[in-house]
Protein chains: 2
Amino acid sequence: MSESAAADPLAAEAVLAANEAFYAAVEAGDLDALRAVWSDAEGSVCVHPGTAPIHGTPAVLRSWALVMASTDYIQFFLTDVAVTVADGVAAVTCTENVLTSTGAGAGGQAAEAPFRGGRARAVNAFTRVDGRWRMWLHQASPVGSDLL
Amino acid sequence: MSESAAADPLAAEAVLAANEAFYAAVEAGDLDALRAVWSDAEGSVCVHPGTAPIHGTPAVLRSWALVMASTDYIQFFLTDVAVTVADGVAAVTCTENVLTSTGAGAGGQAAEAPFRGGRARAVNAFTRVDGRWRMWLHQASPVGSDLL
């Protein structure tokens, strides 16, 4: 945790709670909860690993709807979580350790459910809107496992 | 360019100018110019491709000093540039097409100067400080060439 976060622990706590709400919404496949996390501002940006940036919250939410619709199971184990707070903006950086399953496999047998693991370096930026921190930018960078 | 940028073309222009100043400073190896681009706020964050986030402008500038010291030549060709402006924050997304040379090679012969190309998806976020847009977050995600 940075000095600026330490200087304003309540803001840092609120930002971390918003960050957790983001991942919880994706894990639950809850688009309404995800919409509540993201800023309504037109300037929001989302970069999924290895893809082009998506601009604007409506398009960003559609991209997450696609992610959630195409995964039976997704769970994020966050490590290296750090939060910084500046004037009205805040950023959480973390390593996303992602466990996913896209279904029971071609044979339809539960025993073959193909769980997969992945990692990404994420930065989540928030702005304070009406006293509440809302996500304005999410970028997840793919990483080589040897780089972590 | 997003609708929000179109709604405030002067702000969008100023943000794009700050973005260009950032890349020009790195290309010129000018640490003072780079310092002028970055926010003084403690909460700044920089994620180079495939590496851990760096927190705080002093550490961020040191990382760029290392990049500049270890490259004889670096040039950025930016494509897919888009800018969005919200309340006091702005983001520029772009593809960095990077041409670098780390020197004349082991043999010291100019003819063998090993130029290399690379690409990254970058998001540069800015906050407005005393009427000036300053960089607060830079993240460059590595991309597979087949994903662009």
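By class, the lining of the largest pocket comprises nine nonpolar, eight polar and three charged residues. The model is predicted. This pocket has a volume of about 560 Å³. Its lining is made up of 20 residues. Nearest the centre of the largest pocket lie A:Pro49, A:Val67, A:Ile74, A:Val98 and A:Thr100. Helix H4 (57-69) of chain A gives two or more residues to this lining, as do S3, S4, S5 and S6 of chain A. The largest share comes from S5(A), with five residues.

The second largest pocket holds about 480 Å³ of space. It is lined by 20 residues. Of these, B:Pro49, B:Val67, B:Ile74, B:Val98 and B:Thr100 lie nearest its centre. The elements that give two or more residues to the lining belong to chain B. They are helix H4 (57-69), strand S3 (73-85), strand S4 (89-101), strand S5 (115-129) and strand S6 (132-142). S5(B) supplies the largest share of the lining, five residues. By class, the lining of the second largest pocket divides into eight nonpolar, nine polar and three charged residues.

The contact between the chains was examined next. Chain A contributes 31 residues to the contact, and chain B contributes 31 residues. The size of an interface is often expressed as the accessible area lost when the parts come together. Here, chain A and chain B bury about 2,500 Å² between them. Carbon and sulfur atoms account for 67% of that area. Nine residue pairs are in polar contact between chain A and chain B, counting pairs with both residues at pLDDT 80 or more. On the side of chain A that touches chain B, the elements that give two or more residues are helix H1 (3-7), strand S1 (45-47), strand S3 (73-85), strand S4 (89-101), strand S5 (115-129) and strand S6 (132-142) of chain A. S6(A) gives the most to this side, with six residues. By class, the side of chain A that touches chain B has 18 nonpolar, 10 polar and three charged residues.

Salt bridges were then counted. Across the interface of chain A and chain B, zero are found. Over all chains, a search of the whole structure finds six salt bridges. One salt bridge joins the side chains of A:Asp80 and A:Arg121, at 3.6 Å from N to O. A:Asp80 lies in strand S3 of chain A and A:Arg121 in strand S5 of chain A, so the pair ties together parts that are 41 residues apart in sequence.

Conventions: Residues numbered from 1 in each chain as written. Chains lettered and ligands numbered in written order. Predicted model: local features only at pLDDT ≥ 70, side-chain atom pairs only at ≥ 80, totals over all residues. Heavy atoms only, no water. Contact = heavy atoms within 4.5 Å. Buried area = accessible area lost by both parts, 1.4 Å probe. Salt bridge = Lys/Arg side-chain N within 4 Å of Asp/Glu carboxyl O. Polar contact = N/O pair within 3.5 Å; in protein donor to acceptor, adjacent residues only side chain to side chain. Helix = DSSP H or I, 4+ residues; strand = E, 2+ residues; numbered from the N terminus. Nonpolar A, V, L, I, M, F, W, Y, C, P; charged D, E, K, R; others polar. 1 Å grid on protein atoms, 1.4 Å probe; cavity = no way out; pocket = protein on both sides within 12 Å on 5 of 7 lines; lining within 4 Å. Points joined across faces, edges and corners; volume = space filled by probe spheres on them.
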